[in-house]
Amino acid sequence: MPRYILARLGQAVLVLWVVATVVFLLSRASGDVADLLIPQDAPPETKAQIEANLGLDRPLFTQYTSYLADVVRGDLGQSFSYRTEVATLLKTALPKTLQLGAAAFLFAVTFGVSIGVLSALKPGSWFDSLGKGLALLGQSVPSFFLGILLVLFFAVRMGWFPAFGYGIGTNLVLPAVTLGAYPLASLTRLTRSAVIEVLRKDHTLFMRAKGVSMVSLIVHTLRNASLPVVTLAGIQLGAMFSGAVIVETLYAWPGMGQVAIQAINARDYNVVQGVVLVNTTIFVTILLLVDISYGLLDPRVRRRGRGVATAS
Amino acid sequence: MADHDDPVLYHHDESMPPIEPGTFGFGGLSRRTLLAGGGALALGALLAACGDDSTATTTTGATTTAAPTSANTIPGSTATPTTTSATTTTAAARPEAKTETLTIAVPSLQEANVDPHFATGGLIFPLRDAIGEFLYAQNLKGQFVPSLATGYTLSDDKLKWTFKLRTGVKHHDGTEFTATDIKTSIDRILQGADFTHLANFKAQVTGANVVDPQTVEILTKTPYATLVVDMPMPISTEYFKKVGDAEFRKKPVACGPWKFVSQELNQNVKYERHDAYFDPARRPNWKKLVYAIVPEESARVAGLKTGTIDVAFGLTATTADGFKSESNFKINEVPNTGTGFCMMYDNNYPDQPSPLKDQKVRMALMMAIDRAAIAKTLYKGYARVPTSNFPTITPGFNPDRKAVPYDPDGAKKLLAEAGQSNLSITLNTYTATSTVPDIQKLAETIIAFWGQIGVKATLNAVEAATFLPQWRAKNVIKGAAMIAGPSSFYVEPIRMLGNSFFSSRAPYTTITGDKKIDDLVDQINAEMDATKRAALGRQAVDYLDDQLFGLPIITVSSLVVTGPNVVSFATIEANPYAGPTSWIVAK
């Protein structure tokens, strides 16, 4: 297991390095940031001075090595448009995105897995049809459209929730539901099919024949069906943390997505780099945890990690 | 020393009077007028409630009025909307409002901090205008009139400006505004490395001398014609020295109408009223102001309808029209806030042949576009056909010039005369800009009109972050290119000619190496008299409008919807931004 974790860690670091390099090169290739910091009528010497101050007059490789060294130290540089440390900026925005992502994830997993399991236990029933219908709807309705519908009904018409704005209480409900709708649908479908598959296996049929209680049966089935569900949930969690741009914009949620949009519009490439790096780190970390969880959930993975042959 | 008396832009009054009633287009009304206005307002509200949808629209700005159906008179018209008295409407409700807080929602403030010296772009101007005050401020007509200054003189060598300052002005911390505060601001900007957005000011101003508490001298390296317009806002010296630069950025103190309370980055900025604000005519009649950042238009609409927002900026015509049937809401139209230009970009390459270098071709391309139809359909009537490359507020604008007519047959003839009946060109544009909505659709529409006279045009639309650097590089874009100009920036002719679009030195230029226009730009730069600068601007723009290096396609309005807590809304002519709030009246 330790060797397995070390190998996965090495891969994660490699991914981060590649992403950091690509982002660095792309942002430099997109134009001269000094142009953005000066007014249209500024004299040329002012531009040269700014380039010198920012180190943009140095060779690209020197800029690159300096950038990597700073990143390792946690120094993401200065934001050109916000005129503050990028790390400080992201420290303000990241918790808000994590709150939204966590709430959406909780919503998606709770309802997605529950509906999926209950649908699988009674396939073909009205509940199963309802679950499948909801899943289809959740996957086919774009989040911006769903969000607008939710706002119109629950905020404007019913007045139950705020239409927009950051907050932990009622402010969180509509954005979390909007963000969680798609993963909920995916998890419902996958859980349903995974549980049905496990329920058809001989060992499950044997348990049923022995008259094992429904609760024990569900627990047993869920553990056996959990590998694909955990994988998907991990990917969805990473996507929710790093891809909530539309939902954050729709609900004026001041998280990483909004910072990213503003930075892209202002070509504030230090912030763009920072956002991409932080999001990649989150994604890679979650996938790493998912990989590690395989070992905990499935003994065969642990045995493979120790070099023990297993029959499949 | 020569005294200057420029009635067009800068008024001078050495006697340091109180601000004249009506100087800022607001507040110069008698009690009787106020009562009459109040009655008219009540009657208007009754009519609005009973009448048809169109009564919900108000045209605002310098030429403001509560003008029923005014929006419907604009399409195709080449005249500025006729108006009477915005101030009559708005001034009626100046007594203290019952509403304590007004929340103004904007798509973005692009705010780094709330420091008035960091107003790096138009979207952040509302924060600057809340905290601080200029020596010369714009009135409703967009004219720069004395505010903290009462006048100035200029030395014979044109390198020393002496400003006389108003007395009795208090900062938010209770300290008195004096000449030292101007020196503090200028020293801060000249010495600070972060003020790159004020590079032009820093390149020309060498320092400030305090002569006495009410007199300050500003020294420049070279004659600096637009210094009055470019002067930074003074800040509280005592507070600045006490807290230091870093803390000041987070919590600034100056003498504007609003005191800073809090900022939540990318969420909101909150203020409370500066009760000791020196100009009663511009003092808000409510106590607390919130600028809420709500990027999504539908969320701003929902906020208006749920009452969490009182004023919403950045609404498209289709969305704003949705409020026509809602009696609690008013659609306020701020005309002429931005113009979409189709620039004949190939004129930037003096050594390369291009059909766009032929004036007949340029005129044909202009005549082929039915701009009145564009105003009516694409912009739902909240736009008009521009007559000139200069916005109406730019000194030098020629009100007598007529718009190039829509004449596709004439356009075909001109193309044939120029030997370009099979013309093919590329039209470059960005996908979006806050200045002119739907600019990509506008470009597509132009291409469709050109197609009707046999011109084959290909659209090349890219993101603004890519497009604008390409424009400045002057070696990427070929053919024609669409760009938007925010009218409120062009308060001086040089900003249109030398800073933006039309001279060899302008970063977003569309004509390089034209001696006539370059010479005029040099003359304007050297001219210290505003009236003479305007006259030179007229010469330049007449030439540009004849030559059509840029085709002014459409001039759009900004739409602001106000909710039931707002009695009236007005702003500086052609100003698309959410501040200043001096002419908003709360209920």
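This is a predicted model: local features need pLDDT of at least 70, side-chain atom pairs count only at pLDDT 80 or more; totals for chains, interfaces and linings use all residues.
**Close-up 1. B:Ala574 in the loop between β19 and β20 of chain B**. How many other C-beta atoms lie within 10 Å of B:Ala574? There are 29, so B:Ala574 is buried, the cut-off for that being 20 or more.

**Close-up 2. The cis peptide bond between B:Gly579 and B:Pro580**. Stay in that loop for this one: B:Pro580 also falls between β19 (566-568) and β20 (585-586) of chain B. The bond joining B:Gly579 to B:Pro580 has omega at about 0 degrees.

**Close-up 3. B:Leu548, with a positive phi**. Here we move to the loop between α18 (530-547) and β18 (550-562) of chain B, where B:Leu548 is found. Phi is about 60 degrees for B:Leu548, even though this residue is not a glycine. Is B:Leu548 buried or exposed? It's buried, because 21 other C-beta atoms lie within 10 Å.

**Close-up 4. Where chain B touches chain A**. Chain B puts 35 residues into the contact, and chain A puts in 41. On the chain B side, at least two residues each come from α6 (199-204), α9 (297-306) and α15 (464-473). Which helix gives the largest share of that side? That would be α9(B), with 6 residues. Sorted by class, the side of chain B that touches chain A has 15 nonpolar, 15 polar and 5 charged residues.

Technical notes:
Residues are numbered from 1 along each chain as its sequence is written. Chains are lettered from A and ligands numbered from 1 in the order in which they are written. Helices (H or I, at least four residues) and strands (E, at least two) are DSSP runs, numbered from the N terminus. A residue is buried if 20 or more other C-beta atoms lie within 10 Å of its own, exposed if 12 or fewer, and partly exposed in between; C-beta atoms are placed from the backbone. Two residues are in contact if their C-beta atoms, placed from the backbone, lie within 7 Å. Ala, Val, Leu, Ile, Met, Phe, Trp, Tyr, Cys and Pro count as nonpolar, Asp, Glu, Lys and Arg as charged, and the others, Gly among them, as polar.
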